[in-house]
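Subject: Structure handover

Hello,

Here is the structure I said I would pass on. My notes follow it.

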Amino acid sequence: MAFARNKLLIAAVAVVALLLPLLLQRHYVDVMVFAGLYGIAGLGVALLLGQCGIVSLGQAFFYGIGAYSSAYLCVTLGLSPIFGIVVGAALSALIAFIIGWPILRLTGFFLALATLAIGMIGGILFYEWDWLTGGTLGIGGIPTLSLFGFELNTPQRYYYFVWAIFLVAIWLSHNLVTGRAGLAMRAMRDAPPAAEALAVDMHALKTKIFVLCAVLGSLAGSLFAHYATYVSVQSFTVERSIIFLLIPVIAGAASVWGTIIGALFVALAPELLSGLGDAHQVLFGLALVLVVTLLPEGIVGLPKLVMKRFGA
Amino acid sequence: MSWGLFWQAMLSGITNSFVYALIGIGLAVIFKGTKVINAMQGEFAVVGGIVTVFALQAYGVPYFPAALIGIAAGALLGLIVDILFVRPMMRRKAGEESFLLLTIGLAFTISAGLLYFVGRDSYLLPGIGGSGVVEMFDAFIPVHSYWLVGISVVVVILLRLFYTYSLTGLAMAATSIDPIGAATNGINVTLMRTYTFALGGAVGALAGILVAPLVSVNYHMGIALTLKGFAAAILGGLANPIGAVVGGLVIGISEALAVIGISSGYKDIAAMTVMIIVMIVMPNGILGRAGRRGG
Amino acid sequence: MPIGLKTALCAAAFASLALAPVPSFAQAASGEPIKIGALLSVTGGLAGVGQPERDGVLFAAKILNQRGGIKGRPVEILLEDDGSNPDAAISKANKLIHEQKVAAIIGPSGIAQSVAIGAITHPIKMPLVAFAGLGPEIERQRTCVFHLTPAQALNSHALLAYAKSIGAKNVGVLHDSGYGQVIWNVMQKMGTEFGITFSKVEKFDIVATDATAQAALIRSTAPDAVFVLSTSAVPFRALHQVRFGKPVISVHGTATYEYVKAMGDGANGVVHAEFLIAEDPLPSQKEFVALYEKEFGKKPKHFDAAGWDALNVVVKAINETGGTDGAKLCDAIRKPYDGVMTKYDFSQPDMGGLTPASFTYSVLEKGAFKRLPFKAAN
């Protein structure tokens, strides 16, 4: 693919992204903030799925760890937000390592179900440890973030902040994927015996990506807590993990940039469909099923599919 | 700790075990025939249960035919899912994660659809043999629980006979083990997969019909059922209905022991942890390789 | 047939809303509508409360408009469904506030949504009439967020007072890991106040399908009664199954016909500390119950009534202030209000002012709620 064309595309997207909050109605800016938040968490899942072929159904657990770390350290202990974000990420990394090391020996469905079980155990613990998480009452009054004295207290401001982080994270992931590590990962995904022959320590590599995925989830969770100013167990259920997984699935897992499209879909589609009345969740489900059935490479693969059908 | 309590916990654990097992059996049937993990197995149960309730209460169909209608509804749903969604994906050789996501999407859609069409009510069926309770060793178990266990056992035996002796059953199993080989032997692979989905749907619906008198069914319980069924099926090695029963028993009983032994709030954590450990330590399920072949 | 009926009712409710200004009564409202937002969980896990709340709000608007609206202007309800997702609720709230320019928001249905949206509406002084009880500490500062259902300490008080009245000294507790856990956390510190000890406390997961082992454990300690704190019908069935035989006392969340249906035989004899007994309404509730039964062909419960009250609270404030200025509306709402569900006092520090005397007690007999003479003292 031509590098120059890519650059042009990125520039165009950047310009649109910069102008969006000025053009959009307020609540769509909100939706875009959530798209960014979900996108960061979904990027982690995308790396696991796209590079290692691992289906993660437990990302909401790490998202929750980030959110509760921020909430607890800021509100209960009165520390500065940066501590919450860092502690959440460190804690997630540690837990991901401890869990990942044993379970990443599993493959395919079994691994997917193990991550699902982890997500469920996490959800139950968030309920049970209400001295820490506030249980169903949750923790309120989480301060908004400020950057060099600039309060990020409107959706517009937070939009720029979150999307900047999201795009930087994608860019770093892009470098990772196209670099040496990415090569090893793709070898591991597509031809495990060959990778092994090339002395790629697959298990260690998988664990690293799993930890990275958890850190991204935790970061997204912390940012969510500072935006919503409130966290409760309802935000960290298995359903949320499924939403995160949908991001790479809908966009096409092979492309890290596709995460943007996936994130926009999961945030915007329910919003747009909800105008259609009580059936909106049914329609969202159907939309999802149709994407999985008809678009093997996700929405990113759509142009190629159309070309194949009608072109040449 | 009195004996009565112990028995109560054990017997209710065993009842739960067979609920999990019935969902697990459906999962195992579908996995055996298609190598697809069906994340909407719980929805088959909910649909089967609700259709039976409607047949019985809104249209006055007698119990047994109403249950058959419920089972047929499950089979029909399985058929539709296969023809509309699984076939096109099989044709383009989609990866196993795609099927997982497909069925998750379908589960979500069906759950939302049930809320839309039949509402938020919980639907309860009368128990087979009435709503009586049997007292045993100072523990109380509904008569229906015995039926649930008995019917589950019969289903497992029938499935075993079906897969071992009937030509269709053998063909259905062969299809997933070696689709190309099966096709060269004149087996209609696509048709066998459709049969598998219909059978899985029917077993799922039966589970829902048997569960409905104990706990009632509602639009959002499918996922909880599926998860427990997953755990049971995985412990049993995934492709084996008998394994699913053994898996169900392990989970149901460890939960019961967790209720008596530790705080009941940590019951599900115990079950999930057991599931993860078994997957790592015994990748072929607790019955081992022998279990994979059986069923 | 239930399917057709429900869909038809919803359609009727919506249709009547759309056609609200049509003068079916001589004095029906006309003119520019006053917009009020309703942000409810109509789909997803909270649909069980969100749907009756929606029915109540839309029905209240319909009747209000037939009777002339607000000084001749009709009320227009802008309904948004958050799908039981707190994140979605945030953007929906912003939509109602900034794009649709509503005068006030009715809802949301859940605690999580209330706290999250309160952070948006309170600073700009837009009235938020939430259905959840007072949540975490931060909500005490939000004097523009009102609560129509009791906080957990009050629910606990209502149950303990009743247990004391029937001479129970030793009470078992069966609670779920969600809503029930929240109430139990508060209740466990309140037993001594009523001379009640808790013989055995058992928890079950909210998605559990069986709680007979827990029920048997409670039975084994031979309590005088049991408190069921849950949003599930499972514990009632379990207690029945182990032949508990002593009074079962429960919070208002399960006092709905849907839950009663799911409780099966376990429903008989269950006592609820609740609010609206449509079989035997209080004088202040009679008109609402009659209108509701005529419209929907079934009996209302307190979530329907809360929806009705929510709109009428806002409408009363608009009538009093003669405008839609948020800060003025909030001040106008912060007064006692005689609602259908119960008597509120929004001037209280908990923004709802329910007291133990706000509860009415019912016992279930053959699927119907029957009023009990007991009234808790304030």
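Starting with one residue: apart from neighbours within four places in sequence, C:Gly48 makes contact with B:Arg120 and C:Glu258, where contact means that the C-beta atoms, placed from the backbone, lie within 7 Å. C:Gly48 sits in helix α2 (residues 47-66) of chain C. Helices (H or I, at least four residues) and strands (E, at least two) are DSSP runs numbered from the N terminus. C:Gly48 is buried, with 24 other C-beta atoms within 10 Å; the cut-offs are 20 or more for buried, 12 or fewer for exposed, and partly exposed in between, again with C-beta atoms placed from the backbone. Its C-alpha atom is separated by 9.5 Å from that of C:Tyr259, 211 residues apart along the chain.

On conventions, this is a predicted model, in which local features need pLDDT of at least 70 and side-chain atom pairs count only at pLDDT 80 or more, while totals for chains, interfaces and linings use all residues. Residues are numbered from 1 along each chain as its sequence is written, and chains are lettered from A and ligands numbered from 1 in the order in which they are written.

Confidence: the predictor gives an ipTM of 0.85 and a pTM of 0.87 for the complex. The average pLDDT of chain C (the predictor's confidence in each residue, from 0 to 100) is 89, and 92% of the residues score at least 70. Residues 1-26 of chain C stay under 50, and the model has 26 contacts beyond four places in sequence for them. Where pLDDT is low, predicted coordinates should not be read in detail.

Chain C overall: this chain has twelve helices and 14 strands. Its radius of gyration, taken over C-alpha atoms, is 21 Å, close to the 21 Å from the globule rule for 378 residues, so chain C is as compact as a globular protein of that length. The rule is 2.2 Å times the number of residues to the power 0.38. Of the 378 residues in chain C, 61% are buried.

The sheet: seven strands of chain C form an open sheet with mixed pairing, in the order β7-β6-β8-β9-β10-β13-β14; strands pair if DSSP finds at least two bridges between them. β7 (197-204) and β14 (368-371) of chain C are at the edges with a single partner strand each, so one side of each has no neighbour in the sheet. Within chain C, β10 (residues 270-274) and β13 (residues 360-365) pair in the antiparallel sense over four bridges. C:His272 is opposite C:Ser362 in β13(C).

Interfaces: between chains B and C, the contact takes 36 residues from chain B and 33 residues from chain C. On the side of chain B that touches chain C, α1(B) gives the largest share, seven residues. That side has 19 nonpolar, 13 polar and four charged residues. The classes are nonpolar (Ala, Val, Leu, Ile, Met, Phe, Trp, Tyr, Cys and Pro), charged (Asp, Glu, Lys and Arg) and polar (the others, Gly among them).

Towards chain A, 31 residues of chain B are in contact with 29 residues of chain A. Here α4(B) gives the most to the side of chain B, with 14 residues. By class, this side of chain B has 22 nonpolar, five polar and four charged residues.

Regards

Conventions: Two residues are in contact if their C-beta atoms, placed from the backbone, lie within 7 Å.
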